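Here is a report for a reader meeting this structure for the first time. Please look at the sequence and the model below, then read on.

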Amino acid sequence: SPRSPRSSPMSAQEPPRPPPAAAEPPEQEPGGRYEAVVPHWFYCKVTDTRERWVPFSAQDSERLEEAHGAGNDQDEVVVPTSGGRYDVHLRTRQRVAVYWEEEVSEVRRCTWFYKGDKDNKYIPYSESFSEELEEAYMIAVTLDEWKKKLESPSREVIILHNPKLMVHYHPVASSDDWVSTPTEQGRPRTVKRGVENIAVEIPSGEPLQIDHLVFVVHGIGPACDIRFRSIVQCVNDFRNVSLSMLQAHFKKAQEQHQVGRVEFLPVNWHSALHSTGVDVDLERITLPSINRLRHFINDTILDVFFYNSSTYCQTIVDTVASEMNRLHQLFLQRNPQFKGGVSIAGHSLGSLILFDLLTNQKADPEEDRHHAQESRTTSSTGGIEEVKEILKKLELSEYCDVFEKEKMDRQALFLCTEENLKEMGIPLGPRMKILHYISAKTEMKVSEPESPSQHSTDDGRNCQYRDVGLGQVSANYPQLNYKPTIFFAFGSPIGMFLTVRGVKRIDPNYSLPSCKGFFNIFHPFDPVAYRIEPMIVPDLEFEPMLLPHHKGRKRMHLELKEGLTRMSVDLKNNLLGSLRVAWQSFTRAPVPALEAGSTEAEAEAEAGTEKQPDTKPEEPPTAVKEETPLINVGRLNGGNRIDYVLQEKPIESFNEYLFALQGHLCYWESEDTVLLVLKEIYQTQGITLDQPLPGSQ
């Protein structure tokens with residue numbers, strides 16, 4: 001995008017002159033007064049050994065230039081950039097990631113650029129050589145003497161013919177240098193002065209105010225999308241989409257300074273799991289054939305099996321919880337003025353990890369903060385202290401010694417039966433109080449088909465109510481340092497895992513102990529995604545909520561599909577009704593009764609047409625979801641709907657199987673997903689969209 005050239009304060013005192021040639025800045029007019037070039041800061045991004053120079057945003061570049069102009073280059077000055085996610089160390093000219101591990105990037109204060117025939121973009125000269133070029137340019141402008149020739153450090157020649165034509169020649173090959181061919185020497189590179197003269201898009205920068213923080217946990221494998229990019233790159237996309245959605249849908253709130261932005265930070269657990277040495281052990285037993293496929297399975301698919309192993313499950317939940325706590329603490333240190341909430345989002349297996357963590361959080365972290373350290377360790381004394389707290393709440397402190405003697409921690413307490421308590425010598429009254437507390441705290445409800453109210457003879461426990469740990473891998477789930485506002489699950493297999501673990505039904509009264517919001521978002525063709533609502537309301541068949549399109553309407557092909565389906569149902573009903581009337585008119589012999597009979601037949605036919613759609617509940621497409629909002633789906637999302645389905649794109653509807661994998665990896669760049677996340681987050685702060693989208697709650 002073309003940018004207006006920035007001039008130095010000197011230009012303000014100049015007498016007015018006629019405008020220069022198109023697109024050329026005033027300082028390049030021959031014989032004119034020299035004006036210093038306005039620098040812009042760039043950093044070098046290396047992908048697959050290919051270097052690419054990327055400009056900092058306008059506000060970051062100004063901040064860096066300000067620090068540089070203050071003469072701070074000699075000291076160890078650190079300037080936060082990219083919304084505080086990267087620090088630039090000014091003296092060493094390095095850009096360092098703050099929240100995650102990443103290769104350090106080179107930073108450059110850029111004023112002069114060159115571009116060869118094969119280069120896509122302009123490349124900045126080194127700072128020292130740019131200074132030489134600028135000095136030669138200054139002399140040429142001041143004295144109006146051109147055809148200046150300079151030699152670069154690599155023996156390449158730059159000639160300043162005039163302000164509009166400056167070229168860079170390859171070095172002349174010496175007798176023992178055969179690299180440079182005459183044809184290469186004959187094609188000079190273009191040289192430009194100032195960032196405003198090169199075609200580069202400079203972002204304006206992100207809002208400084210952060211309203212909410214979201215941690216994003218990845219699924220299986222190191223790659224998170226169809227382009228095999230890391231969680232960091234995918235979350236960068238998600239964040240960029242969120243900035244454009246805020247500008248498009250929260251403009252009023254932005255103008256009134258009610259809205260800044262939402263910060264999304266990635267949480268990586270894959271590298272910690274695979275640095276345990278398990279990869280070496282797997283390598284020993286992996287067959288040599290189909291090497292790439294086996295390596296892919298070891299690095300990706302096996303993560304599901306690792307999570308179902310108590311040894312590696314502990315590593316994964318510890319990594320996710322400690323990483324989220326570390327990031328939260330670091331974020332607060334760097335943003336002391338932050339007063340917003342924290343939400344969490346998980347993709348694929350990441351959503352299941354978060355669900356298991358959340359179901360094992362304490363309901364009131366404020367009350368139990370002094371126990372947080374104990375519960376993070378595997379020490380049993382922490383668990384015993386927790387039981388003492390429970391007994392204190394129930395006013396049964398006199399039995400603390402009995403429970404301590406029996407080494408009863410929280411988990412053991414929740415496995416207790418009346419028989420066990422009798423054996424411990426607990427009287428009937430306290431027994432009833434403890435059992436009532438256990439059943440009230442039970443998070444999941446399993447319906448037993450044969451005898452739902454009977455006690456199982458196998459384990460002596462009540463089968464109707466089960467702890468949330470039913471089928472969960474035995475692990476010591478750590479506590480988070482905060483209460484998440486909302487939990488977003490993208491392409492999530494939570495429903496399937498709960499069913500496989502034996503949880504047939506989720507109690508409608510159940511809600512996550514420390515998080516009151518839960519959204520299960522999925523693409524209709526995602527092969528890994530499962531619904532949650534039918535586990536809460538199993539007797540009722542209903543569609544998930546349709547996510548409104550971010551441009552405010554249903555996608556046209558879905559409207560067309562829906563319209564055609566309705567039209568075919570109407571045609572079929574009308575045809576059946578007409579046939580029935582005709583048939584009855586033939587079979588009714590008495591002519592006088594014909595008129596009355598036909599009206600009866602019409603009434604029957606009408607009744608038939610009314611009943612017809614009910615006989616085929618699958619007929620209306622998945623698009624008709626917003627028509628059934630009055631369904632009680634329990635307290636898991638505070639009484640609101642949980643399952644949300646994206647609208648497939650027109651090309652995706654041609655072949656569901658072809659786009660299945662893409663359906664599982666589409667969430668990072670999905671505007672509809674991002675808009676729902678922003679809408680729900682800001683709704684907790686009483687801020688709504690400029691215009692409500694049709695079909696949204």
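Eleven of the eleven residues of α10 are buried, so this helix is largely enclosed by the rest of the structure. Buried means under 20% relative accessible area, exposed means over 50%, and partly exposed lies in between (1.4 Å probe, protein chains only). The buried residues of α10 are L349, G350, S351, L352, I353, L354, F355, D356, L357, L358 and T359. Helices (H or I, at least four residues) and strands (E, at least two) are DSSP runs, numbered from the N terminus.

This is a predicted model, in which local features need pLDDT of at least 70 and side-chain atom pairs count only at pLDDT 80 or more, while totals for chains, interfaces and linings use all residues. Residues are numbered from 1 along each chain as its sequence is written, and side-chain values use heavy atoms, with hydrogens and water left out.

## The chain overall

The chain holds 22 helices and 21 strands. Of its 697 residues, 46% are buried. The chain exposes about 36700 Å², and carbon and sulfur atoms supply 54% of that area. Accessible areas come from the Shrake-Rupley method with a 1.4 Å probe; for residues, only the protein chains shown count as cover.

Contact means heavy atoms within 4.5 Å. Among contacts in the chain with a separation of 6 or more, 70% are between residues 24 or more positions apart.

## Two helix pairs

Helix α10 (residues 349-359) has a partner in helix α8 (residues 291-307). Their axes come within 11 Å and cross at roughly 15°. Axes are lines fitted to C-alpha atoms, for helices over the stretch in contact, and angles run from 0 to 180 degrees between N-to-C directions. α8 and α10 are therefore roughly parallel to each other. Angles under 35 degrees count as roughly parallel, over 145 as roughly antiparallel, 65 to 115 as roughly perpendicular and the rest as oblique. The crossing of α8 and α10 is left-handed. From α8, the contact is made by D303, V304 and Y307; from α10, by L349, L352, I353 and D356.

The second pair is helix α4 (residues 231-249) and helix α22 (residues 671-683). Here the axes come within 9 Å and cross at roughly 65°. α4 and α22 are therefore roughly perpendicular to each other. Their crossing is right-handed. A crossing is left-handed if the near helix is turned anticlockwise from the far one by less than a right angle, and right-handed if clockwise. F238, V241, S242, M245, L246 and H249 in α4 meet E671, T673, V674, L675, V677, L678 and Y682 in α22.

## Around L349

L349 is found in helix α10. What does L349 contact, leaving aside its neighbours within four places in sequence? The contacts are G219, I220, W269, D303, V304, Y307 and P493. L349 and S492 are 143 residues apart in sequence, and their C-alpha atoms are 6.9 Å apart in space.

S348 sits in the loop between β15 (341-347) and α10. S348 has a positive phi of about 60° although it is not a glycine. Most residues other than glycine have a negative phi. D144 also has a positive phi, of about 55°, and is not a glycine. D144 lies in the loop between α2 (127-143) and β9 (148-151).

## Two further sites

N308 is in the loop between α8 and α9 (310-334). N308 and G471 are 163 residues apart along the chain, with C-alpha atoms separated by 10.0 Å. Leaving aside neighbours within four places in sequence, N308 is in contact with V473 and F497.

S105 belongs to strand β6 (residues 105-110).

The table gives accessibility for the single residues.

| Residue | Relative accessibility | Class |
|---|---|---|
| L349 | 3% | buried |
| S348 | 7% | buried |
| S105 | 8% | buried |
| N308 | 39% | partly exposed |
| D144 | 43% | partly exposed |
| C110 | 0% | buried |
| C234 | 0% | buried |

## Cysteines

A disulfide is a covalent bond between the sulfur atoms of two cysteines. Here a disulfide is taken as a pair of cysteine sulfur atoms within 2.5 Å. How many disulfides does this rule give? The count comes to zero.
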